[in-house]
Amino acid sequence: MIEELLMAAAGAGAAVAVYAGVAARVVKQYERGVVFRFGRLRDEVRTPGFTMIVPGVDRLHKVNMQIVTMPVPAQEGITRDNVTVRVDAVVYFKVVDAAEALVRVEDYKFAVSQMAQTSLRSIIGKSDLDDLLSNREKLNQGLELMLDSPAIGWGVQIDRVEIKDVSLPETMKRSMARQAEADRERRARVINADAELQASKKLAEAAQAMSGQPAALQLRLLQTVVAVAAEKNSTLVLPFPVELLRFLERATPGPEGRDAAAAQGQGQEATPPPISSAYLKGAADAAAGVEPVEDLTGASVEPAPREEGTG
C-alpha cells in the first residue's frame with residue numbers, strides 16, 4: 001500500500017515537473033509577452049520575469065521593445081529644381097505597444113522600411129537641391145512627421161530620422177565646384193580692392209603729412225635704404241624722387257645766386273656776369289644779316305672776305 005502511494009506521488013511529481021517545464025516562460029527585461037489563447041488576444045501583457053502559460057492552449061509571442069536602427073536604401077529622384085540625386089537615410093524607431101504591433105500589422109519592421117522609402121522619395125520631389133545639402137534639419141523633421149503619423153497606429157513610435165548622404169552626378173559636382181571657385185575669386189577681388197582703397201587713403205594722408213615737412217621725405221628714403229641694406233644684398237637700387245631734387249634746388253642757390261646774395265649782404269649792387277667775345281661777334285653777325293659758315297667739325301667760322309669787283 002505504501003509502495004503504491006509512493007509510486008503515485010512520484011508519478012504526480014513527475015507530471016507536475018513536466019507541466020511546469022512546458023508551461024514556464026521567461027520574458028527578458030527589454031521584451032514584452034503577448035499571449036493568444038485559442039487565437040484570441042489576452043488583455044494582459046506579460047512583463048519581464050518568470051511567467052506561466054497553459055500548454056496547448058496559449059501561445060506566447062515576445063516583442064522586442066528596444067530602439068531599432070533601420071537603414072533606408074538609397075532612393076533616386078528628381079528635386080523640385082530638376083536635379084537628379086540619390087539620397088539614403090536611417091530611421092530609429094521602437095515599439096511602444098506590443099499587442100498593437102502584432103495585431104495591427106503583419107510585419108511592422110517591413111512596413112516601417114517601405115514607408116520610409118516612399119516618404120524619402122516624396123521629400124526629394126518636394127525639396128530643392130540647396131535644401132537637401134544645407135537644410136537637412138528641416139527635412140529630417142518633415143520625414144519624421146510623415147513616418148510617425150501612420151506608425152503610431154501600429155504601436156510603433158518613430159524616434160528619429162536622419163538623412164545620411166546626398167549623391168550628385170559628376171557634372172553637377174563640377175558645376176558647383178566652378179560656382180564656388182568663382183564666388184571665392186569674386187570675394188578675393190573685392191577684398192583686394194578694399195585693401196587697395198584703404199592703402200591709397202593712408203598713403204594720401206602720409207603724403208599730406210610729409211608735404212608740410214620736406215625733410216621727412218628724405219628721412220623716409222634713408223629708412224628705406226637701411227631696410228634694403230639689412231638683407232646683405234650686393235646690389236642696392238636707390239630710388240631718388242624728383243621732389244627731393246626740387247627741394248635741394250630750392251634750398252641750395254647757384255654760383256650767381258651766391259654772389260648776388262653776398263653782394264646784397266655787403267650792401268653793394270650785384271654786377272652782371274661777363275659777356276664772352278663769341279657771344280658779341282654772333283650778335284654783330286646777326287645784326288649784319290651774315291650767316292655763319294660751319295666747318296666739318298660743326299663749329300662756326302668767320303665768312304670769307306668778298307673780292308672787289310664781284311657782285
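**Surface and core**

Mentor: Start with Met 52, which lies in strand β4 (residues 49-52); helices (H or I, at least four residues) and strands (E, at least two) are DSSP runs, numbered from the N terminus. The model is predicted: local features need pLDDT of at least 70, side-chain atom pairs count only at pLDDT 80 or more, and totals for chains, interfaces and linings use all residues. Residues are numbered from 1 along each chain as its sequence is written, and side-chain values use heavy atoms, without hydrogens and water.

Trainee: Is Met 52 buried, partly exposed or exposed?

Mentor: Buried means under 20% relative accessible area, exposed over 50%, and partly exposed in between (1.4 Å probe, protein chains only). Met 52 is partly exposed because its relative accessibility is 34%.

Trainee: Where is Thr 79, and what does Thr 79 touch?

Mentor: Contact means heavy atoms within 4.5 Å. Thr 79 sits in the loop between β6 and β7 and counts as buried because its relative accessibility is 3%. Leaving out residues up to four places away in sequence, Thr 79 touches Val 85, Ile 124, Gly 125, Ser 127, Asp 128, Leu 129 and Leu 132.

Trainee: Which residues have the most contacts inside the largest nonpolar core?

Mentor: A nonpolar core is a set of buried Ala, Val, Leu, Ile, Met, Phe, Trp, Tyr and Cys residues joined through side-chain atoms within 4.5 Å. The largest one has 35 residues, and Val 85, Val 87, Val 91, Phe 93, Tyr 108 and Ile 158 have the most contacts inside it. Helix α3 gives the most to this core, with eight residues.
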